[in-house]
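Please look over the model shown here before reading the notes.

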Amino acid sequence: MITFYIWCCDPTHLPIPAEKPGTMRSSLTLAGTLWAFLSLVTAVASSTSYFLPYWLFGSQLGKPVSFSTFRRCNYPVRGEGQSLIMVEECGRYASFNAIPSLAWQMCTVVTGAGCALLLLVALAAVLGCCMEELISRMMGRYMGAAQFVGGLLISSGCALYPLGWNSPEIMQTCGNVSNQFQLGTCQLGWAYYCAGGGAAAAMLICTWLSCFAGRHPKPVMLVENIMRNTNSYAMELDHCLKP
């Protein structure tokens with residue numbers, strides 16, 4: 001009876017079903033898998049739009065010109081006879097201080113930080129699809145909060161971007177009539193809308209799905225329940241077997 005009592009009290013003696021070899025366990029639920037996919041899509045969309053110089057379209061010297069926060073395509077240089085000619089190529093500004101306005105400098109930093117945060121969360125979410133016990137229910141919610149902050153930073157960058165439309169470089173491209181929140185002859189590009197859309201999706205959809213992404217932690221709770229039940233059963237059995 002003593003041996004049987006010890007066997008019942010020790011959950012390590014309970015049979016544990018063996019896992020099939022070669023199976024890959026995920027730490028995400030079905031909603032978590034969708035969350036990981038959308039996190040990757042929004043992070044890639046926002047980050048790609050951040051690096052592409054297609055936030056603003058205009059023309060200068062009869063050539064199309066486009067801008068982002070720290071890059072531009074087609075820029076004027078002085079040729080022979082002090083005349084201006086357009087160099088048709090894309091590149092970033094020579095230095096951080098060469099960015100046309102303070103608002104665009106702030107936009108570069110804020111948007112870059114938001115994109116980096118979304119990429120980190122997306123990487124962890126994708127790893128959670130392949131690794132067991134990586135993302136718990138609480139960890140998923142923390143990662144959703146990080147996504148909300150990242151989306152908020154990118155949205156703030158998009159809101160700061162129109163504040164730099166009064167710089168001389170932008171006015172030369174937009175017909176010398178542009179001002180803050182007034183584009184003149186220029187127009188917003190698709191990359192600006194893509195960055196804002198990715199940020200909005202990360203803040204609203206991904207943050208909501210992250211609340212249901214991780215699985216409930218089970219090893220500690222399972223062992224405690226087994227020990228509680230087996231102890232109770234062993235005590236009742238011992239009481240019944242006493243003469």
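The model is predicted, not determined by experiment.

**Salt bridges**

- Side chains of opposite charge can pair when their charged atoms come close.
- The count of salt bridges in this model is 2.
- In one of them, K63 pairs with E88 through their side chains, with a distance of 3.1 Å from N to O. K63 belongs to strand 2 (residues 63-67) and E88 to strand 4 (residues 84-92), so this pair links parts that are 25 residues apart in sequence.
- K63 has a relative accessibility of 33%, so K63 counts as partly exposed. E88 has a relative accessibility of 53%, and because the cut-off for exposed is over 50%, E88 counts as exposed.
- R72 and E169 also form a salt bridge, and their closest N and O atoms are 2.5 Å apart. E169 sits in helix 5 (residues 168-173) and R72 in strand 3 (residues 71-78), so the pair ties together parts that are 97 residues apart in sequence.
- R72 counts as buried because its relative accessibility is 6%, and buried means under 20%.

**Helix 2 and helix 3**

- Helix 2 covers residues 30-51 and helix 3 covers residues 102-128; their axes come within 8 Å and cross at roughly 150°.
- Angles over 145 degrees count as roughly antiparallel, and helix 2 and helix 3 are therefore roughly antiparallel to each other.
- The crossing of helix 2 and helix 3 is left-handed.
- On the helix 2 side, the residues in contact are W35, A36, S39, L40, A43, S46, S47 and Y50. On the helix 3 side, they include T108, T111, G112, C115, L118 and L119, along with V121, A122, A125 and V126.
- Sorted by class, this contact between helix 2 and helix 3 has 12 nonpolar residues, 6 polar residues and no charged residues.

**G189**

- Where in the chain is G189? G189 lies in the loop between strand 5 (187-188) and helix 6 (190-210).
- Is G189 buried or exposed? G189 has a relative accessible area of 2%, so G189 is buried.
- Which residues is G189 in contact with, leaving aside its neighbours within four places in sequence? They are Y54, W55, L56 and F57.
- G189 and S66 are 123 residues apart in sequence, while their C-alpha atoms are 8.2 Å apart in space.

Definitions and conventions:
Residues are numbered from 1 along each chain as its sequence is written. This is a predicted model: local features need pLDDT of at least 70, side-chain atom pairs count only at pLDDT 80 or more; totals for chains, interfaces and linings use all residues. Side-chain values use heavy atoms; hydrogens and water are left out. A salt bridge is a side-chain nitrogen of Lys or Arg within 4 Å of a carboxyl oxygen of Asp or Glu. Helices (H or I, at least four residues) and strands (E, at least two) are DSSP runs, numbered from the N terminus. Buried means under 20% relative accessible area, exposed over 50%, partly exposed in between (1.4 Å probe, protein chains only). Axes are lines fitted to C-alpha atoms, for helices over the stretch in contact, and angles run from 0 to 180 degrees between N-to-C directions. Angles under 35 degrees count as roughly parallel, over 145 as roughly antiparallel, 65 to 115 as roughly perpendicular and the rest as oblique. A crossing is left-handed if the near helix is turned anticlockwise from the far one by less than a right angle, and right-handed if clockwise. Contact means heavy atoms within 4.5 Å. Ala, Val, Leu, Ile, Met, Phe, Trp, Tyr, Cys and Pro count as nonpolar, Asp, Glu, Lys and Arg as charged, and the others, Gly among them, as polar.
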